[in-house]
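Subject: Handing over a structure

Hello,

I am passing on the structure below, and after it you will find a description of what was found in it. Please keep the picture open while you read, so that each part can be followed by eye.

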Amino acid sequence: MTKKKPTKKKTVKAPTKKKLPSLKELKDNLIIEQDKYIRLFAEFENYKRRTAKERLDLYKTAGKEVISSLLPVLDDFKRAMSSESNAQEEDEGLRLIFNKFSETLKNQGLIEIEVKTGDIFDPEIHEAISQIPSTNDDQKGKVIDIIQEGYKLGDSIIAFPKVVVAQ
């Protein structure tokens, strides 16, 4: 006769009733989660806008260093164009090269800052090289002479116009 092993009786505990959240608690949790979602979505949209703007600014100013290094050449060209020369054929060739060069820079986004004598001096836009005493009170704080042109690339100034200001 074989002995049967005694079997252990498994005791099953009666399931404890968990307290179910009330409808008000569920609504409150839903509102909190919706608020988190909306804030996260808004933050992501701001991130997308900011990176798109930064990328656009980068494209606009990608050639800033090259264009900045060409500005002295452009200024020298302007000085050569303004000096009188006897040979008209050389002047015409020089004009054609100058026009092509300046148009190429304009196509890359270079904008010449327009400064006229008599404009009010603005330190945000102009760079004062020197100051001279004014002959009358109307000239005080105004541009008397323009030494060198200024340039912008997109919205940022890469070379300030150099001017003489009346005191």
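**A lysine in the sheet**

At 28% relative accessibility, Lys 152 counts as partly exposed, because that value falls between the cut-offs of 20% for buried and 50% for exposed. Please bear in mind throughout that this is a predicted model. Lys 152 sits in strand E4, and the residue that stands opposite it is Ile 111. These two residues are 41 places apart along the chain, yet their C-alpha atoms are separated by 5.0 Å. Once its neighbours within four places in sequence are set aside, Lys 152 is in contact with Gly 109, Leu 110, Ile 111, Ile 113, Ile 157 and Ile 158.

**The sheet around it**

Strand E4, which covers residues 150–153, is joined to E1 by four bridges, and the two run antiparallel. Together with E5 they make an open sheet of three strands, in the order E1-E4-E5, with antiparallel pairing. Strand E1 (110–113) and strand E5 (156–159) are the edge strands, since each of them pairs on one side only. If direction is ignored, neighbouring strands of this sheet are turned by 40 degrees against each other on average.

**The helix across the sheet**

Helix H2, made of residues 64–82, lies across E1, E4 and E5 and runs at about 150 degrees to E4. Its 19 residues should span 27 Å at 1.5 Å a residue, and because its end C-alpha atoms are 27 Å apart, the two values agree. The helix also bends by about 30 degrees at Leu 71, with a proline, Pro 72, following within four residues. Which residues of H2 are buried? They are Ile 67, Leu 71, Leu 74, Asp 75 and Phe 77.

**Aromatic rings**

The count of aromatic pairs comes to four. One of them is formed by Phe 77 and Phe 101, and it is tilted, with 6.0 Å from centre to centre and 35 degrees between the planes. This pair links distant parts of the chain, as Phe 77 belongs to helix H2 and Phe 101 to helix H3 (residues 88–107), 24 residues apart. Phe 77 is buried because its relative accessible area is 15%, and Phe 101, at 19%, is buried as well. Phe 77, Phe 98 and Phe 101 form one aromatic cluster.

**A histidine in a loop**

His 126 is found in the loop between E1 and strand E2 (127–132). Is this residue buried or exposed? His 126 is buried, because its relative accessible area is 9%, which is under the cut-off of 20%. Leaving aside neighbours within four places in sequence, His 126 is in contact with Val 115, Ile 120, Phe 121, Phe 160, Pro 161 and Val 163. The C-alpha atoms of His 126 and Val 163 are separated by 6.8 Å, although the two residues are 37 places apart along the chain.

**The chain as a whole**

The protein chain has three helices and six strands, and read along the sequence they follow the pattern α-α-α-β-β-β-β-β-β. Of its 167 residues, 15% are buried. Among contacts between residues at least 6 apart in sequence, 67% join residues at least 24 apart.

Best wishes

Technical notes
Residues numbered from 1 in each chain as written. Predicted model: local features only at pLDDT ≥ 70, side-chain atom pairs only at ≥ 80, totals over all residues. Heavy atoms only, no water. Pairing = 2+ DSSP bridges. Axes fitted to C-alpha atoms, helices over the stretch in contact; angles between N-to-C directions. Contact = heavy atoms within 4.5 Å. Buried < 20%, exposed > 50% of the residue type's maximum accessible area, 1.4 Å probe, protein only. Expected span 1.5 Å × (residues − 1). Bend = angle between axes of the 7 residues up to and from the residue. Phe/Tyr/Trp six-rings, centres within 6.5 Å; stacked < 30°, edge-to-face > 60°.
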